[in-house]
Amino acid sequence: MIQLLIIADDFTGALDTGVQFAAYGSRTSVVVGTEVDFSAAQAEVLVVDTETRHLTAQQAYDAVAQLTSQAEQAGVAYIYKKTDSALRGNIGAELTALLQAGNQKQLPFLPAFPQMGRITRNGVHIVDGVPVTESPFGADPFEPVRHSIITELIAEQSSVPAHAFPALADKDSVPDTDGILIFDADSVSDLLSTGRLLHQNGKLHIMAGCAGFGSVLAEILEITESKTSQPPELDSRLLVVCGSVNPITIKQMDTAEKAGFIHIHLTPEQKLEPGYWQSEQGRKDFQNIHHNLETHPLCIIDANDEGGNAITETYASAGNIQLEEIRLGIARSIGYLVGELFTSPALGTLLITGGDTLLQCMECVGVKELEPVCELEKGVVLSRFYYKGCSKYVISKSGGFGQETLLVDLARRISGM
């Protein structure tokens, strides 16, 4: 029976939270879409990616409210709204939906991810030492974060009162204020102490936060077997498929290229022209990419232009292609490309960065469900799925996660498995 439902708004976020429970022994499953049969699910922890990050606030509200109501009717003990650790998406609408559909007066929200340099202090969300609006997430071309003060961000989409509080310690009283209760956290110990006190007072039936709070929930809720999953042996060849524009991932790819990865930049036509890969030129380009995979054990396929994205922006502007069409077009093009490469003997271990890209790649090979296995590094998730009766693996990460040498470090680690 499902003990915990986690509702995420994108695929990589669903995995980096679900893996926290899988790593400790809980049967964990990650699925996409809001049509869930709670009575048939075999997992103890079910993670549902609603794909609502890019929808309207009302659409996001409706999706979360529907899932929450279904979970309540099914008797699920705990419901966790997984939010983005940089506060992207329809956070105000989705937290409101959870609070109202869950029929509760309070919703604890712990948005910090101290393990990744993302903390909450005095109600302000801080990324790597600066307010989130001053970080790369404030300049994201697809989903810029416009508020660092979390109560202001929630108020943009919700009439439910939101209040900021310090982290709770052992002898503190739990606030009795109604609404969305935002708790500071500078450290993992802050997340643990606040979470434990909330749990002792019966306040975690519904809750919200990112993978940071998710990482301590397994211990707080005691729904795991406290065992650590070990990664399987992986193919030492590594293909990195990047659909993220985050500067952190771009630096990681540049570092990897200097270390010997071959770096293939997709052209605007390859990314944005419908049916390009089925054209004569597209088939030639595919054969060239396939040849690179055969002859280079470490390879990157990158949706970013070399030196920035001005070429793609100019191409899109000339074709009157809107921002949302660019985002979807790139993800679908990469998804098709990976689908064509998937059965090739030249394909080794696959790492996909960016939730949209991961979703399209999995859809193109017909995969509906992933089982997170373990983290290879913080925020870098190894997942298992089944393809034509055989176990397969994929590595995923969000665009904003990881040190500059991440891809090089992963390649070395995989080669030593």
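This is a predicted model: local features need pLDDT of at least 70, side-chain atom pairs count only at pLDDT 80 or more; totals for chains, interfaces and linings use all residues.
A cavity is defined on a 1 Å grid over the protein atoms alone, as a set of points where a 1.4 Å probe fits but cannot get out, and lining residues have an atom within 4 Å of a point. Grid points are joined across faces, edges and corners, and a volume is the space filled by probe spheres set on the points. Residues are numbered from 1 along each chain as its sequence is written, and side-chain values use heavy atoms, with hydrogens and water left out.

Four cavities of 30 Å³ or more were found in the structure. Helices (H or I, at least four residues) and strands (E, at least two) are DSSP runs, numbered from the N terminus. By class, the lining of the largest cavity has five nonpolar, eleven polar and seven charged residues. Ala, Val, Leu, Ile, Met, Phe, Trp, Tyr, Cys and Pro count as nonpolar; Asp, Glu, Lys and Arg count as charged; the others, Gly among them, count as polar.

The second largest cavity holds about 50 Å³ of space. It is lined by 14 residues, with Asp84, Ser85, Arg88, Ser398 and Phe401 closest to its centre. Helix 1 (residues 11-22) supplies the largest share of this lining, three residues. The class counts are two nonpolar, five polar and seven charged.

Burial was assigned from relative accessible area (buried under 20%, exposed over 50%, partly exposed in between; 1.4 Å probe, protein chains only). Helix 6 (residues 211-221) is mostly covered, with ten of its eleven residues buried. Among them are Phe213, Val216, Leu217, Ile220 and Leu221. The cover over the buried residues includes helix 1, strand 4 (78-82), strand 5 (106-110), helix 5 (188-200) and strand 11 (206-209), where contact means heavy atoms within 4.5 Å. Glutamate 222 follows helix 6 and has a positive phi, near 55 degrees.

Strand 2 (residues 28-32) is largely enclosed by the rest of the structure, because four of its five residues are buried. Two strands pair if DSSP finds at least two bridges between them. Strand 2 pairs with strand 3 (residues 45-49) in the parallel sense over five bridges. In this pairing, valine 31 stands opposite valine 48. With strand 16 (residues 369-377), strand 2 pairs in the antiparallel sense over two bridges. There, valine 30 stands opposite leucine 370.

Loop residues were examined next. Serine 344 lies in the loop between helix 11 and strand 15 (349-353). Serine 344 is buried, at 12% relative accessible area. Its side chain makes a polar contact with the side chain of histidine 290 (2.6 Å). A polar contact is a pair of N or O atoms within 3.5 Å; within protein, one must be able to donate a hydrogen and the other to accept it, and residues adjacent in sequence count only if both atoms are side-chain atoms.

Leucine 87 has a positive phi, near 70 degrees. It sits in the loop between strand 4 and helix 3 (91-101) and is buried, with a relative accessible area of 3%. Aspartate 128 also has a positive phi, near 50 degrees. Its loop runs between strand 7 (124-127) and strand 8 (130-131). At 58% relative accessibility, aspartate 128 is exposed.

Key. On a 1 Å grid over the protein atoms alone, a cavity is a set of points where a 1.4 Å probe fits but cannot get out, and a pocket is an open set with protein on both sides within 12 Å along at least five of seven lines; lining residues have an atom within 4 Å of a point.
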